[in-house]
Amino acid sequence: MAIDFSVEPEFQEKLDWMDAFVTNEIEPIDLYFQGTVNPFDRSNETANALIRPLQEKVKEQGLWACHVGPHLGGAGYGQVKLALMNEILGRVLWAQIVFGCQAPDSGNAEILAHYGNDEQKEMYLQPLLDGEISSTYAMTEPQGGSDPNYFTCRAHRDGDEWVINGEKWFASNFKYSKFTIAMVITNPDVPVYRGSSMMLVPSDTPGIEVVADVGLGTEPIEGGDHAYLRFNDVRIPAENLLGEEGAGFKIAQTRLGGGRVHHAMRSVGVAQQALDMMCERVLSRETKGSLIADKQSIQHWVADSWIQVQQFRLQVLHCAWMIDKEGDYSKVRHYIAGVKVATPKVLVDVVYRAIHAHGSLGVSNHTPLTAMWQYAPIMGVVDGPTEVHKNTVAKQVLKTYKPSDGLFPAAHLPTRIDTARAYIESRLEHEIGNL
Ligand SMILES: Cc1cc2nc3c(=O)[nH]c(=O)nc-3n(C[C@H](O)[C@H](O)[C@H](O)COP(=O)(O)OP(=O)(O)OC[C@H]3O[C@@H](n4cnc5c(N)ncnc54)[C@H](O)[C@@H]3O)c2cc1C
């Protein structure tokens, strides 16, 4: 089947509009706040005053919350279009909030849309889709992230309520959130893949203790945005179980599929920006009598970076196209995992070269490069580490092969030569016999 990533001219016009809008209207907000305000903090009146009119413009263009289906007000775009949009959004911190597609709210909205009752949808889903509230997703635990078999945070049924006890780790944006979707063990006697469930927990429910607000990298030790939570006899109504009891893991998998592709395409935008910066810099500065761009080692870096960004961009678009074609995440799991594995590697290589080519300016706080650098290892662990995704790729790829029939592999030359000889000799006998 022909692979085609092209979009119709009307959608290309939308992308061009987005490109200019992100540069002219949203980038100044990034530069104005310089990381001092978290985009998820809906209580900041200055930020609200700045972003609300921009969100209205996005809605007028029909580009608001495009990841959700038309029944929830989304445009119903496929993954290729969403990927092309995310490539533009990746350059700027505030862009996702302005376009209503920020994680983890995007995935949480999908869960509520599928499994929430009418009251929950009205109370949480609609305000989330309208950009009025933020949410948290709590799955990781302090003693186990990559392997859910180590999860111990439990919920047991008590009359009309679930009672939750245990800890969650790196629950992003909890302090700004109205509600949390927590994956908890409801049946410890079966494997976690069948014994965990999704719960809707209002974030102000009594008994939720914030052990620490963990930050990233060089942020101050206190006041970070990723909560270490302890649930002490936290009681929620029975109907706050989302989906079936025991379906938590399955729901978690569905939630992350499209999101991983969007993360990857935003990383394409970041890597391209680093490459653009490197090219501009090496064309602007001389050393030892010539431009830095004239040095062969730098030319190789430019070439290597351009090739890596091209390869990665095509890989992500192909994965998005596969999702659109198959219409089912489970059938393209290894394509999604492959993209997830490639993401930090491309960022490490391309961003490092851009930093180095800028010299001291590159490691300073006067360019966005060190922030991009921090993004690379984050992309390696968030939503599961590289090794786990490599396992997924390998398992799915190996499913398409079978063991060799005999003692030697199918490509064993002496065996193949014997087979070929017998075939050619029989043909020759036939051809010569017919002369
Ligand atoms: C910025 C950020 C935001 C996040 N937000 C959230 C959130 O909102 N909600 C949430 O629930 N979680 C969140 N997380 C947590 C994230 O999902 C976990 O970090 C991730 O699943 C890995 O778990 P861990 O950190 O416990 O690493 P560990 O499980 O301790 O793994 C550490 C390392 O061990 C190695 N390793 C692990 N498994 C294997 C294996 N099978 N084979 C070989 N090597 C292996 C890898 O090198 C891995 O990096 C966030 C993380 C980050 C960085």
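**Close-up 1. Here's where helix 9 meets helix 10 in this predicted model.** On the helix 9 side, the residues in contact are Ile298, Trp301, Ser305, Gln308, Val309, Phe312, Gln315, Val316, Cys319 and Met322. Their partners in helix 10 are Tyr335, Ile336, Gly338, Val339, Ala342, Val346, Asp349, Val350, Arg353 and Ala357. Sort that contact by class and you get 14 nonpolar, 4 polar and 2 charged residues. As for the geometry, helix 9 covers residues 296-326 and helix 10 covers residues 333-357, and the two pack at an angle of about 155 degrees with their axes 10 Å apart. An angle over 145 degrees counts as roughly antiparallel, so that is what helix 9 is to helix 10. The crossing of this pair is left-handed.

**Close-up 2. Helix 10 also packs with helix 12.** Here the angle is about 160 degrees, and the axes sit 8 Å apart. Helix 10 and helix 12 are therefore roughly antiparallel to each other too, and their crossing is left-handed. Helix 10 brings Thr343, Pro344, Leu347, Val348, Val351, Ala354 and Ile355 to the contact. Helix 12 answers with Leu369, Met372, Trp373, Tyr375, Ala376, Pro377, Met379 and Gly380. The class count for this contact is 13 nonpolar and 2 polar residues, with no charged ones.

**Close-up 3. Helix 1 and helix 3 make another packed pair.** Helix 1 spans residues 9-33 and helix 3 spans residues 79-89; their axes are 9 Å apart, at an angle of about 15 degrees. Since angles under 35 degrees count as roughly parallel, helix 1 gets that label relative to helix 3. Helix 1 passes helix 3 in a right-handed crossing. Look for Phe11, Leu15, Met18, Asp19 and Val22 on helix 1, meeting Lys81, Leu84, Met85, Ile88 and Leu89 on helix 3. By class, that's 8 nonpolar and 2 charged residues, and no polar ones.

**Close-up 4. Now for the shell around the ligand, which has 19 residues.** Coming nearest to the ligand are Gly145, Ser146, Ser172, Pro385 and Glu387. The elements that put two or more residues into the shell are strand 1 (134-138), strand 3 (161-172), helix 12 (369-381) and helix 13 (386-399). Strand 3 gives the most, with 3 residues. In class terms, the shell splits into 11 nonpolar, 6 polar and 2 charged residues. Domain 2 (135-242) and domain 3 (250-399) each supply at least three of the shell's residues.

**Close-up 5. Last stop: the place where domain 2 and domain 3 touch.** The domain assignment divides the protein chain into domain 1 (9-116), domain 2 (135-242) and domain 3 (250-399). Taken over C-alpha atoms, the centres of domain 2 and domain 3 are 31 Å from each other. Their contact takes 6 residues from domain 2 and 6 residues from domain 3. On the domain 2 side, the residues that touch domain 3 come out as 4 nonpolar and 2 polar, with no charged ones.

Conventions
Residues are numbered from 1 along each chain as its sequence is written. This is a predicted model: local features need pLDDT of at least 70, side-chain atom pairs count only at pLDDT 80 or more; totals for chains, interfaces and linings use all residues. A residue is near a molecule or strand if its C-beta atom, placed from the backbone, lies within 6 Å of it. Helices (H or I, at least four residues) and strands (E, at least two) are DSSP runs, numbered from the N terminus. Ala, Val, Leu, Ile, Met, Phe, Trp, Tyr, Cys and Pro count as nonpolar, Asp, Glu, Lys and Arg as charged, and the others, Gly among them, as polar. Domain bounds come from an automatic or database domain assignment. Axes are lines fitted to C-alpha atoms, for helices over the stretch in contact, and angles run from 0 to 180 degrees between N-to-C directions. Angles under 35 degrees count as roughly parallel, over 145 as roughly antiparallel, 65 to 115 as roughly perpendicular and the rest as oblique. A crossing is left-handed if the near helix is turned anticlockwise from the far one by less than a right angle, and right-handed if clockwise. Two residues are in contact if their C-beta atoms, placed from the backbone, lie within 7 Å.
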